[in-house]
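Here is a short tour of one model, written to be read with the coordinates open beside you.

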Amino acid sequence: MCGIIGYTPAQTESQPNGNGNILDVLLDGLSDLEYRGYDSAGVAIANSSVTVHKRNGELSELEATVSEESVGGYAGIGHTRWSTHGPPSDENAHPHTDCNGSVAVVHNGIIENYRELREELTAAGHEFDSQTDTEVIPHLIETSLEQGANVETAFRRAIDRLEGSFAVAAVFSGSEAVYATRNQSPLVLGIGEDGYHLASDVPAFLDHTDQVVYLQDEQFAKLCSSGVEITDKGRTLVDMPVKTVEWDPEEAGKSGYDHYMLKEINEQPRAIRNCIRGRVDEMTGSISIKELDDLDRPERIHLVACGTSYHASLYAARLFRDGDIPATAFYASEYDASAVPINEETLVIGVTQSGETADTVGALRDANSKGAETLAVTNVVGGSASRKTDHVMYIRSGPEISVAATKTFASQQVALAMLSTTLTGECSHEFVEGLRALPDQIQSILDSSRVREVVGTYVNSDAYFFIGRGYGAPVALEGALKMKEITYKHAEGFPAGELKHGPLALVTDRTPVVAIVSGKSNTEKMLGNVKEVEAREAPVITVTDSPDTVENYADHLLQIPETAWQFTPILANVQLQLLAYRTANQLGRSIDKPRNLAKSVTVE
Ligand code: AGP
């Protein structure tokens with residue numbers, strides 16, 4: 001997720017014009033935003049002209065380019081970029097400027113209509129230096145400035161043209177202010193004695209002030225040496241409350257959550273909105289994935305992946321098969337392209353959050369060498385997987401810091417579910433409505449989950465078993481993986497029908513069984529399996545969308561909302577994430593960095 005920062009020094013005795021050395025404040029702020037993950041960084045400082053420095057790679061690369069210069073100015077902005085449009089490079093790093101270099105812009109989010117805007121601006125003679133969606137903004141501003149608008153009007157007019165999610169900040173040559181606004185992307189203002197700050201997250205300026213104002217959607221902020229002005233879309237002044245932040249800097253990186261894992265679990269509604277954005281046609285209600293326009297329905301599909309991504313692949317393989325495309329999910333480490341039917345009509349999909357997992361990248365390489373068409377479904381722009389495949393679909397989760405994958409699993413499933421509709425040609429009204437409702441439904445689970453009531457009773461259990469059928473089976477595997485990964489407890493997931501073929505021997509009154517029971521499929525059979533474990537005195541925790549059906553069979557019930565059948569597993573998984581997290585927390589485990597594990601496994 002990109003990080004934005006902005007700063008205007010206050011008028012003080014030592015800097016009566018508010019003209020100070022802004023660079024240090026910006027660079028310090030950017031380093032405080034590093035935890036969000038980034039691939040390039042940059043700053044812009046305005047006085048009579050605008051000076052921009054930006055570099056691909058670590059912040060130290062940027063610092064090396066500016067350390068020789070002391071840039072004084074009235075207003076500055078900075079940015080750490082997490083690529084969404086165009087790979088990491090010096091050119092794609094923010095800030096972006098107009099043709100004259102007189103306005104510089106930083107942006108967090110996605111501009112859905114940037115293609116149309118870019119075509120329009122290019123036709124009008126504007127020249128673009130980057131592949132980003134962001135660069136349309138300074139050129140739009142330039143257009144209005146040329147027509148005689150003042151900087152504030154030009155900024156507002158440009159924002160008016162944008163569709164999508166964004167937090168945007170801009171500085172202008174000859175202007176002493178930072179202009180900013182937001183729509184569905186966070187932006188917070190800091191009111192300090194040394195000056196006025198803005199950032200996508202509080203840690204960026206917490207060293208300077210704990211007095212903050214949370215900007216709301218469609219509000220505009222103007223920061224200058226004499227203060228901060230907040231207005232609404234119609235330019236009416238808005239009086240926003242100033243709040244005191246009580247986090248220490250360590251907590252602040254996690255936005256107040258105890259762990260990145262919990263923060264990322266809570267980011268799922270936003271991650272899914274990002275994944276869906278611009279991919280659902282509002283007019284027709286159909287799904288279209290522009291970057292995959294040239295991908296035809298294949299004869300068969302292989303999905304290759306590891307760990308959590310493998311579980312997302314199991315889910316997707318089932319969706320493809322239900323749409324009549326033969327599909328199989330393989331552990332990437334077990335994929336042998338010479339031993340499976342494969343030709344140019346085969347689509348091999350590598351599902352990998354990091355894009356760097358050696359087994360998955362290796363499997364894609366093998367598939368390529370056998371002539372298959374390849375697609376990476378990934379979170380990291382410019383990662384190895386995306387460079388080695390014919391096509392790429394980004395899941396747009398934003399960086400995931402905790403080793404345990406949570407929000408990326410949800411986004412992978414959503415991305416693959418959308419992909420399945422475009423390849424199979426089957427997209428029901430119920431699917432689209434379910435997709436749109438998903439972020440709010442996840443939020444409702446996060447707000448009301450009763451997992452805490454369950455955890456205390458079972459925290460010292462011998463083992464945990466997870467069972468599900470059909471679309472519930474991959475979730476059972478994922479629930480167990482998450483539980484073992486962060487609690488270090490024995491946990492196993494099974495397709496429920498397999499229980500009686502062996503695992504049932506392990507079931508006792510000290511092994512809680514978590515059963516995913518949906519009222520929409522296999523209900524009777526699942527209840528049969530629940531009875532099997534109850535007969536062995538195992539406590540049963542059900543995750544269900546039909547409490548009336550299961551209440552007589554379960555010791556505990558974790559409810560999820562009803563939805564289209566494709567999305568029930570995604571909702572069920574949120575309860576399982578919380579169960580694993582709360583159990584690990586009670587056991588005092590190192591949740592974000594579990595022993596022996598790495599976020600990205602780059603060896604085979
Ligand atoms: C999940 O919590 C794990 N950390 C792990 O299984 C992970 O999903 C696996 O290593 C694959 O990673 P990738 O998605 O980056 O390829």
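Helices (H or I, at least four residues) and strands (E, at least two) are DSSP runs, numbered from the N terminus. This is a predicted model, in which local features need pLDDT of at least 70 and side-chain atom pairs count only at pLDDT 80 or more, while totals for chains, interfaces and linings use all residues. Residues are numbered from 1 along each chain as its sequence is written, and side-chain values use heavy atoms, with hydrogens and water left out.

**The ligand site**

Let us begin with the ligand. It is surrounded by 14 residues, the closest being S309, T352, Q353, S354 and T357; a residue is near a molecule if one of its heavy atoms lies within 4 Å of it. By class, this shell has 5 nonpolar, 7 polar and 2 charged residues. Here Ala, Val, Leu, Ile, Met, Phe, Trp, Tyr, Cys and Pro count as nonpolar, Asp, Glu, Lys and Arg as charged, and the others, Gly among them, as polar.

Which protein atoms lie 2.4 Å, 2.7 Å and 2.8 Å from an oxygen atom of the ligand? The table gives the partners.

| Residue | Protein atom | Distance to a ligand oxygen atom |
|---|---|---|
| T357 | side-chain N or O | 2.4 Å |
| Q353 | backbone N or O | 2.7 Å |
| K482 | polar side-chain atom | 2.8 Å |

The protein covers 91% of the 410 Å² of accessible area that the ligand has on its own. Accessible areas come from the Shrake-Rupley method with a 1.4 Å probe, and for residues only the protein chains shown count as cover. The elements that give two or more residues to the shell are α9 (307–322) and α15 (472–487).

S309 is found in helix α9. Is S309 buried or exposed? S309 counts as buried because its relative accessibility is 9%; buried means under 20% relative accessible area, exposed over 50%, and partly exposed in between (1.4 Å probe, protein chains only). Its side chain makes a polar contact of 2.9 Å with that of Q412. A polar contact is a pair of N or O atoms within 3.5 Å; within protein, one must be able to donate a hydrogen and the other to accept it, and residues adjacent in sequence count only if both atoms are side-chain atoms.

Helix α12 (residues 407–424) has 18 residues and spans 26 Å from first to last C-alpha, close to the 26 Å expected at 1.5 Å a residue. The expected span is 1.5 Å times one less than the number of residues. Of the 18 residues in α12, 17 are buried. G425 follows α12, with a positive phi near 75°.

**A buried strand residue**

V543 sits in strand β25 (residues 540–544) and counts as buried, because its relative accessibility is 0%. Leaving aside neighbours within four places in sequence, V543 is in contact (heavy atoms within 4.5 Å) with residues including V514, I516, L558 and L576.

**Backbone details**

Most residues other than glycine have a negative phi, and most peptide bonds are trans. The peptide bond from H94 to P95, however, is cis, with omega near 0°, and P95 lies in the loop between β6 (75–81) and β7 (96–97). Y488, not a glycine, has a positive phi of about 65°; Y488 is in the loop between α15 and β23 (490–495) and is partly exposed, at 24% relative accessible area. N522 also has a positive phi, near 55°, and lies in the loop between β24 (513–517) and α16 (523–534).
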